[in-house]
Structures are given as C-alpha cells and as structure tokens.
Amino acid sequence: MNRLAIITLGIFFTLNVFAQGPPITTETPIMLGLEGNGVRTFGKFISKENVTIYVQPIGIPYNITSKFQVGAIFPFKLITPKDSRTTGGFADMTVFAKYQLYKKDGKAKTFRILGLIKQTFPTGKTSSSSTIGSGLYQTYIGIVIGKLTTKIGLYTDFGYNITNKNMSDNFIYNFSVGVPLLPHKYPQKQLNTFLEFNGNYVFDPKVHTVFISPGFQFIPGRRILFETSFQIPIVQDNITTNKTNYMVLLGTRFLIN
C-alpha cells in the first residue's frame, strides 16, 4: 500500500507558464498550480496471477507556503482472490510533508529539488484471509528532483522506506520523461505524454521489481486534469508466485482554489 501512496500525489506545475503537467506515477517537485489546494483521485486496477486488486485513493494536499506542503491520502481497496469472494475496505492511511530545498528558474525553464517525508499508519484491516492493510507502521524519507522546460519535463524521486515488526525495509525509485503534444497557448489546453519507470527493491528477502509505465494526460483548463497510465513489469526478480501481470490507472486532479 505504501507504494500506491507514493504514486498517489504529484504536485501540479505552473501550467500557464510552462505548459507542462505533472508526471503520473512519479513525484514532482513543483508545489504551485493545480495541486496548491486540491484533490487527486484515481482508480488503479492490478492484475496478478492469483488475485485482482482495485484501489481508489483520495489525496488532499495543502500548501502552507510556496515551499512547504502537507497532505493526507485515504485509500479504499478491493481484493478478489482467484475462485473466491471479494473483500473490501479502508486501507492504510498516509500523511506527508514536502519542503523545497533548492530552486533555480530561467527563461521558460526551472530546476528544483524537494525533500519528502511520509508516514503510513496500519488503518487497514488484517483479520480477513484477504488482508486490506499491511499491519505495519512505515516511514518514508526521500528526495524529489525535476527539470522542466516548455518542450520536456524530466523527473525523478528516490527514497528509503522504514518498516516495523522486523519486516524488511525497501528502496523506492522512479523516473519520468514528459513531453507536451500541443503548442503552448492561452487559454490553457494540453495533451501530454509520459514514459515512466517505477522500481522497488526489498532488502530481506531480496526482491526487485521494475515497471515501465507509458501514460497520457489531458488538461482542458486551469482547474482540472485527466490522466491514464498502463504499467507493465519488466523486472520481477526472486518473485516465484503471484507475479503482477499489469496495472491500469485512470484518474483526475481538481483545483479547489
């Protein structure tokens, strides 16, 4: 669930300036624009060998200042094991804080670095045969980096996730390239394409997964955005059972003010 939390909130870029939307499954270090005070939600369908999972998180970020943001993620999860009934409920909740560490702006370009801390709480039930939550407290500490122009956006984030109950920690990393397909104009209307990579390395036992995630994003105006991503596994080292077949994401982001 923690990985889903990490991909749940990308902060929107200043769309009227750079005509560039945020990446879909990678964090972005820009804390202005459509997610200054807003809502993000998406449906994510996960197909595995022995189970299908549907997750619907709602993320609510709030900018304290132009450099400091806090927020929370409230996920709902449905699990359908093969040849069994569906179990659903509220999954593990996450709160987070982001702080801008470095910014260098130029003409129609910017480079920024952000610090990110997340705390996940074991609010999802674990009593059923198909557990909704992890049963773990998890603390994530990471860095988010982005370089954006009117023609391309380059993003990466990476960090260390600490767990309790003697469970293994893990290292999470993501990379994204975004390209606007429409010319920069006003009023704002954009179609963006993304190619992203999402990796997770568990230390004990050693398990490494990497997904390639092409996606599209449509921005019809200043206050709303629609996006979709198709995630395909390219590395699933040391996973012998219940491998992931694919994941599909379809969501929206809305600016409150």
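## Ground rules

Residues are numbered from 1 along each chain as its sequence is written, and side-chain values use heavy atoms, with hydrogens and water left out. Because the model is predicted, local features need pLDDT of at least 70 and side-chain atom pairs count only at pLDDT 80 or more, while totals for chains, interfaces and linings use all residues.

## The overall picture

Let's start with the whole protein. Of its 257 residues, 49% count as buried, meaning under 20% relative accessible area, where exposed is over 50% and partly exposed is in between (1.4 Å probe, protein chains only).

The protein exposes about 11,700 Å², with carbon and sulfur atoms supplying 64% of it (Shrake-Rupley method, 1.4 Å probe; for residues, only the protein chains shown count as cover). Among contacts (heavy atoms within 4.5 Å) between residues at least 6 apart in sequence, 56% join residues at least 24 apart.

## Following the strands

Two strands pair if DSSP finds at least two bridges between them. Strand E10 (residues 190-202) pairs with E11 in the antiparallel sense over 13 bridges, and a hairpin of 4 residues joins the two. Gln190 has Ile219 in E11 as its bridge partner. E11 in turn runs antiparallel to E12, with 9 bridges and another hairpin through 4 residues; here Phe216 stands opposite Thr228 in E12.

Strand E12 (residues 224-237) is joined to E13 by 8 antiparallel bridges, including the one between Glu227 and Gly251. Their hairpin has 6 residues between the strands, and Asn238 in the turn has a positive phi of about 65°. E13 (residues 244-255) also pairs with E1 (residues 38-48), antiparallel over 11 bridges, and Gly43 stands opposite Leu250 in E13.

## A buried serine

Ser213 sits in strand E11 (residues 207-219). It counts as buried because its relative accessibility is 0%. The Ser213 side chain makes a polar contact with the side chain of Gln231 at 3.3 Å. Such a contact is a pair of N or O atoms within 3.5 Å; within protein, one must be able to donate a hydrogen and the other to accept it, and residues adjacent in sequence count only if both atoms are side-chain atoms. Leaving aside neighbours within four places in sequence, the residues in contact with Ser213 include Thr25, Phe194, Ser229 and Phe230.

## Nonpolar cores

A nonpolar core is a set of buried Ala, Val, Leu, Ile, Met, Phe, Trp, Tyr and Cys residues joined through side-chain atoms within 4.5 Å. The largest one has 9 residues in all, among them Ile46, Val51, Phe211 and Met247. Strand E2 (residues 51-63) gives the most to this core, with 3 residues. A second, separate core of 8 residues includes Met31, Phe96, Leu114 and Ile172.

## Aromatic pairs

The structure holds 8 aromatic pairs: rings of Phe, Tyr and Trp (its six-membered ring) whose centres lie within 6.5 Å, called stacked with planes under 30 degrees apart, edge-to-face over 60 and tilted for the rest. One of them is tilted: Phe68 and Tyr99, 6.4 Å centre to centre with 55° between the planes. Phe68 lies in strand E3 (residues 68-81) and Tyr99 in strand E5 (residues 93-106), so the pair ties together parts 31 residues apart in sequence. Phe68 is partly exposed at 30% relative accessible area, and Tyr99 is partly exposed at 42%. Elsewhere, Phe45, Phe230 and Tyr246 form one aromatic cluster.
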